[in-house]
Amino acid sequence: MRKTIASRLSESKQTIPHYYISSSIEMGATNLLRNELNKNEKDNGVKISINDIIIKAMALALRDYPNVNVQWLNNSVRKFKHSDVSIAVANEGGLVTPIVFRAETLGLLDIARRTKDIAKRAREGKLDPNEFIGGTSTVSNLGMFNINTVTSIINPPQATILGVGKTEKKLLVAE
């Protein structure tokens, strides 16, 4: 599995144009929203993570910018109506990218439930191939490992990937 992953990602870097954009985002309001939503976590049975919110934001961005919600197929581009967001999950064999299908149509609790389920099954090697083959873009979040910046490699045939680093408290000067 690791050999296949290395081969596909090497091919990706060699054959798919990559360019990187980096920016910092003020997450204070997002953290407050997450904390408020998770006050009822015992009632809902699931805790919403920052990653769940990022998946939702990515899905909405793909919906709003359909020319980015694409896959490369030989010499053509295939556009998608729905945002099927893959999430990078490490397991013993390497890296798997299970998919949150139609993420733009889901609420945060549904995304949280699905990501917990598919990530757990990905780590256990219990996903069906249709749960990790495809996707229209990937979120690779290493923030929980105290990583500042993530420079990700596109997962073919997808055309985009979002690398996410950690959130941190900083003093911001009001403009």
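**Notebook: pockets, salt bridges and a surface patch**

I sorted the lining of the largest pocket by class and got 26 nonpolar, 16 polar and five charged residues. The model I am working from is a predicted one.

I then looked up the volume of this largest pocket, which is about 1900 Å³. Its lining has 47 residues, and those closest to the centre are Ser-23, Ile-25, Leu-162, Gly-163 and Val-164. I checked which elements give two or more residues to this lining, and found helix H2 (28-37), H4, strand S1 (70-73) and S8. H4 gives the most, with seven residues.

Next I turned to the second largest pocket. I noted a volume of about 960 Å³. I listed 38 lining residues, with Ala-88, Val-89, Leu-95, Val-96 and Thr-97 nearest the centre. At least two lining residues each come from helix H1 (2-15), H4, strand S4 (89-91), strand S5 (94-96), H5 and S7. By class, I have 21 nonpolar, 13 polar and four charged residues in the lining of this second largest pocket.

I went on to salt bridges. Side chains of opposite charge can pair when their charged atoms come close. My search of the whole structure gave 10 salt bridges.

One of them joins Lys-116 and Asp-52, with the closest N and O atoms 2.9 Å apart. Lys-116 is in helix H5 (residues 108-123) and Asp-52 is in helix H4 (residues 50-64), so this pair ties together parts that are 64 residues apart in sequence. I looked up how accessible the two partners are. Lys-116 is partly exposed at 35% relative accessibility, while Asp-52 is buried at 1%.

I also followed a network of salt bridges that links Asp-117, Arg-121 and Glu-131. Between Asp-117 and Arg-121, the closest N and O atoms are 3.0 Å apart. These two residues are four apart in helix H5, so about one helical turn separates them. Asp-117 is partly exposed, with a relative accessible area of 36%. For Arg-121 and Glu-131, I read 2.6 Å between the closest N and O atoms. Arg-121 sits in helix H5 and Glu-131 in the loop between H5 and strand S7 (137-141), 10 residues apart, and the pair links distant parts of the chain. I noted Glu-131 as buried, because its relative accessible area is 16% and the cut-off for buried is under 20%.

Leu-142, Met-144, Phe-145 and Ile-147 make a nonpolar patch of about 390 Å². I placed Ile-147 in the loop between S7 and strand S8 (161-164), and at 32% relative accessibility Ile-147 counts as partly exposed.

Key: Residues numbered from 1 in each chain as written. Predicted model: local features only at pLDDT ≥ 70, side-chain atom pairs only at ≥ 80, totals over all residues. Heavy atoms only, no water. Salt bridge = Lys/Arg side-chain N within 4 Å of Asp/Glu carboxyl O. Buried < 20%, exposed > 50% of the residue type's maximum accessible area, 1.4 Å probe, protein only. Patch = residues over 30% accessible without salt bridge, like charges linked within 9 Å, V, L, I, M, F, W, Y side chains within 5 Å. Areas by Shrake-Rupley, 256 points an atom, 1.4 Å probe, with all protein chains shown as cover. 1 Å grid on protein atoms, 1.4 Å probe; cavity = no way out; pocket = protein on both sides within 12 Å on 5 of 7 lines; lining within 4 Å. Points joined across faces, edges and corners; volume = space filled by probe spheres on them. Nonpolar A, V, L, I, M, F, W, Y, C, P; charged D, E, K, R; others polar.
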